[in-house]
Amino acid sequence: GHLEKPEKLVFITGTNGKTTVSNLTANVLSDSGYDFINNSSGSNVSEGVISALLSKSSFFGKANCKLAVLEVDERYAPLIYPYMEPDYVLCTNLFRDSYKRNAHSEFISGILNQHIPAHTKMILNGEDLISNHLAWGNDRCYFGIGCPDGHSTPNNIIKDIVSCPDCGAKLDFEYIRYNHIGRAHCPNCEFGSPEMDYVITDINYDSGRCEIQTPEGVFDFKLLGNNVTDLYNEIAAVALLSELGVDISKTKESFEKLKVTESRFNSIKVGEKEIVMNLAKGQNPIACSRVCDFIR
C-alpha cells in the first residue's frame, strides 16, 4: 500500500495455467518493446508482488514504468486487491484444489467476487461456467476453443458444477472437454455459456498450427503444445495481449519463437525413445488428472 503503482495493472489468476499464461504474455510484451513489471521469476503471493514492484521502483518507492502484468494467486486476493485495484483480470479457470489450501471452487470464486473492483475488465474462459460468471456486472470478454480438440475426455465422472447456481436445475451440457470445462445451459433460466470473442476455430496437430478467430479477423498461429490445456493457455494469452492493444500480427510473430517452458513440459530423444516430462501442481486433482490423461 505504500508503493506507487504503475498506471495500468493486469492480474492473471485462476486454478491452473496462470504461470504459463503470464510467461507467454510477458514474452510477447518483451518482444514488442514494452517496459513492464512482471513476477515471472518470483512468487504469485503478496511477497512476490512486492518484490516485482520494488524491481521497477525508485529508492523512494516511485514506479519507474507504466504497466504491470502480475500473476496473482487467487487465494491472496484479500491481501492484494485492496491495495492494487487491477484494470484487467484474466482468470484461466476455477477448479477444486487442495482442500488444505483452496477448498471448493465456490469458496475461491466467492473470495474473488468480494475483491474485484467494479471498473475491472474481465477476460474469462468462455467454457468454464464457474470462472466466466465472475464479477458479473463488469465489462468482459471471453476466450475458448470452438472446434473439436481431439484430446478431450468427456466421460469425466467428476464435475465442479452440475447444477444451475441461480435456480438449482441440473445443467444440460452440449459438450465437455474435461471436468466441467465445456458448454452448458440451464433448462429453466438464462444461466449458461456465453458467446466467445477469441476462439480457436481449427487445430492441426500434424502441422503444429491452429486458426484463431478474434474481433480483428481469423489468424494462423503456431500451436504451443498438444495438450488441451496448452490450447486454453495459448488462446488466453492471445486474448489478453489483444485487449492490451498489442497488434495481433506481433503476437503471432512472437509465438513462432515460443514454446511451453521446459520446466513445465519438455520432450527429449534418447536413442529411439522419447522421454516426456510434464509438470503438475502437487495435490491439485485437475492438473494431475490432465497430465495422466495426456500420458494415456
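Me: Is alanine 135 buried or exposed?

Reply: Buried means under 20% relative accessible area, exposed over 50%, and partly exposed in between, with a 1.4 Å probe and protein chains only. Alanine 135 has 10% relative accessibility, so it counts as buried. This is a predicted model: local features need pLDDT of at least 70, side-chain atom pairs count only at pLDDT 80 or more, and totals for chains, interfaces and linings use all residues. Residues are numbered from 1 along each chain as its sequence is written, and side-chain values use heavy atoms, with hydrogens and water left out.

Me: Where is alanine 135 found, and what is its phi?

Reply: Most residues other than glycine have a negative phi. Alanine 135 is not a glycine, yet its phi is positive, about 45 degrees. Its place is the loop between strand 5 (121-125) and strand 6 (140-145). Asparagine 179 is another residue other than glycine with a positive phi, near 50 degrees. Asparagine 179 lies in the loop between strand 7 (172-178) and strand 8 (181-185), and counts as buried at 3% relative accessibility.

Me: How many helices and strands are there in the chain?

Reply: Both are DSSP runs, numbered from the N terminus: helices are H or I with at least four residues, strands are E with at least two. The chain has seven helices and 13 strands. Its radius of gyration is 19 Å, close to the 19 Å that the globule rule gives for 296 residues, so the chain is as compact as a globular protein of that length. That radius is taken over C-alpha atoms, and the rule is 2.2 Å times the number of residues to the power 0.38. Along its principal axes the C-alpha trace spans about 55 × 55 × 40 Å.

Me: What percentage of the residues in the chain is buried, and what share of the contacts joins residues 24 or more positions apart?

Reply: Of the 296 residues, 52% are buried. Contact means heavy atoms within 4.5 Å. Among contacts with a separation of 6 or more, 63% are between residues 24 or more positions apart.

Me: Which residues is asparagine 93 in contact with, leaving aside its neighbours within four places in sequence?

Reply: With those neighbours left aside, the list for asparagine 93 is Gly14, Thr15, Asn16, Asp128 and Ser131. Asparagine 93 sits in the loop between strand 4 (88-91) and helix 4 (105-115), and is buried with a relative accessible area of 6%. Its side chain reaches the backbone nitrogen of asparagine 16 at 2.9 Å.

Me: Is tyrosine 83 buried or exposed?

Reply: Tyrosine 83 counts as exposed, at 52% relative accessibility. Its loop runs between helix 3 (77-80) and strand 4. Beyond its neighbours within four places in sequence, tyrosine 83 is in contact with Gly1 and Lys5. The C-alpha atoms of tyrosine 83 and threonine 13 are separated by 17 Å, and the two residues are 70 residues apart along the chain.

Me: Where is leucine 3 placed, and which residues does it touch, not counting residues up to four places away in sequence?

Reply: Leucine 3 is in the segment before strand 1 (8-13). Apart from residues up to four places away in sequence, leucine 3 touches Leu53, Leu54, Ser57 and Gly61. Serine 289 is 286 residues from leucine 3 along the chain, and their C-alpha atoms are separated by 40 Å.

Key:
Polar contact = N/O pair within 3.5 Å; in protein donor to acceptor, adjacent residues only side chain to side chain.
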